[in-house]
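Please give a short report on this protein for someone new to it.

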Amino acid sequence: MATTGNKSINAKLVLLGDVGAGKSSLVLRFVKGQFVEFQESTIGAAFFSQTLAVNDATVKFEIWDTAGQERYHSLAPMYYRGAAAAIIVYDISNQASFERAKKWVQELQAQGNPNMVMALAGNKADLVDARKVTAEEAQVYAQENGLFFMETSAKTAANVNDIFFEIAKRLPRVQPAQNSSGMVLMDRPVERTAAASCCS
């Protein structure tokens with residue numbers, strides 16, 4: 001159905017952050033438009049997919065929602081390896097979750113792909129009275145570390161779609177690069193046949 005010239009991009013996206021920061025709630029709000037007040041903790045990881053139309057492209061997000069519990073931390077690289085984008089989520093009413101988010105950012109910067117689009121989500125923005133992390137503090141941190149920042153609320157849906165749209169807009173339009181690497185791969189057998197025919 002896609003119109004010609006409309007790129008279709010598959011992008012693996014991973015959500016990382018402390019247990020209870022609201023990662024699953026963000027995904028459910030984005031994918032299904034739902035909010036569950038008492039969301040069960042994710043075990044290991046959960047997988048969702050959602051497609052967005054952005055400017056010149058259709059972006060299909062393959063979303064990995066990882067568990068926040070420390071005991072699952074060792075599994076995380078399995079999920080963020082090869083990811084085109086990451087949303088690092090913290091709870092604005094929980095300073096420790098913000099500190100944990102910074103650790104995830106460091107880990108991604110050390111391990112991850114340099115072209116990864118990284119977003120910092122200050123979730124539970126509806127809990128204004130319980131706020132422990134200011135938007136200014138998070139914004140400064142995000143700018144210093146090459147992330148973009150939004151405060152979100154899975155409960156009220158504030159900025160939830162926006163953060164995914166912003167990621168989709170920032171994704172490198174990698175189609176040409178993939179094609180050229182594809183050509184490089186195809187060159188090799190051609191050389192071989194040339195070599196074989198010249199020397200047989």
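## Confidence and overall fold

Contact means heavy atoms within 4.5 Å. Where pLDDT is low, the predicted coordinates should not be read in detail. Across the protein chain the average pLDDT is 85, and 83% of the residues score at least 70.

This is a predicted model: local features need pLDDT of at least 70, side-chain atom pairs count only at pLDDT 80 or more, and totals for chains, interfaces and linings use all residues. Residues are numbered from 1 along each chain as its sequence is written, and side-chain values use heavy atoms, with hydrogens and water left out.

The protein chain has six helices and six strands. These are DSSP runs numbered from the N terminus: helices are H or I with at least four residues, strands are E with at least two. Along the sequence the pattern reads β-α-β-β-α-β-α-β-α-β-α-α. Of the contacts with a separation of 6 or more, 73% join residues 24 or more positions apart. Buried residues make up 42% of the 200 residues. Buried means under 20% relative accessible area, exposed over 50%, and partly exposed in between, with a 1.4 Å probe and protein chains only.

## Helix α1

Eight of the 10 residues of α1 are buried, so the helix is largely enclosed by the rest of the structure. Those buried are Lys23, Ser24, Ser25, Leu26, Val27, Leu28, Arg29 and Phe30. Their cover includes β1 (7-17), β2, β3, β4 (85-91), β5 (117-123) and α5 (160-170). Just after α1, Gly33 takes a positive phi of about 70°.

## Two strand residues

Thr66 sits in strand β3 (residues 57-66). Thr66 counts as buried because its relative accessibility is 4%. Its side chain reaches the backbone oxygen of Leu15 at 2.7 Å. Beyond four places in sequence, the contacts of Thr66 include Lys23, Thr42 and Tyr79.

Ala53 lies in strand β2 (residues 45-54). Ala53 counts as exposed because its relative accessibility is 63%. Beyond four places in sequence, Ala53 touches Thr58 and Phe165. Ala53 and Ala168 are 115 residues apart in sequence, yet 8.6 Å apart in space, C-alpha to C-alpha.

On a 1 Å grid over the protein atoms alone, a cavity is a set of points where a 1.4 Å probe fits but cannot get out; a pocket is an open set with protein on both sides within 12 Å along at least five of seven lines, and lining residues have an atom within 4 Å of a point. A volume is the space filled by probe spheres set on the points, which are joined across faces, edges and corners.

| Space | Volume |
|---|---|
| Largest cavity | About 30 Å³ |
| Largest pocket | About 400 Å³ |

Of the 28 residues lining the largest pocket, the closest to its centre are Gly20, Ala21, Gly22, Ser25 and Lys124. The pocket lining divides into eight nonpolar, 12 polar and eight charged residues. Here Ala, Val, Leu, Ile, Met, Phe, Trp, Tyr, Cys and Pro count as nonpolar, Asp, Glu, Lys and Arg as charged, and the others, Gly among them, as polar. Helix α1 gives the most to this lining, with three residues.

The whole structure holds one cavity of 30 Å³ or more. The largest cavity is lined by Gly44, Thr66, Ala67, Tyr72, Leu75, Ala76 and Tyr79. Its lining has five nonpolar, two polar and no charged residues.

Key
A polar contact is a pair of N or O atoms within 3.5 Å; within protein, one must be able to donate a hydrogen and the other to accept it, and residues adjacent in sequence count only if both atoms are side-chain atoms. pLDDT is the predictor's confidence in each residue, from 0 to 100.
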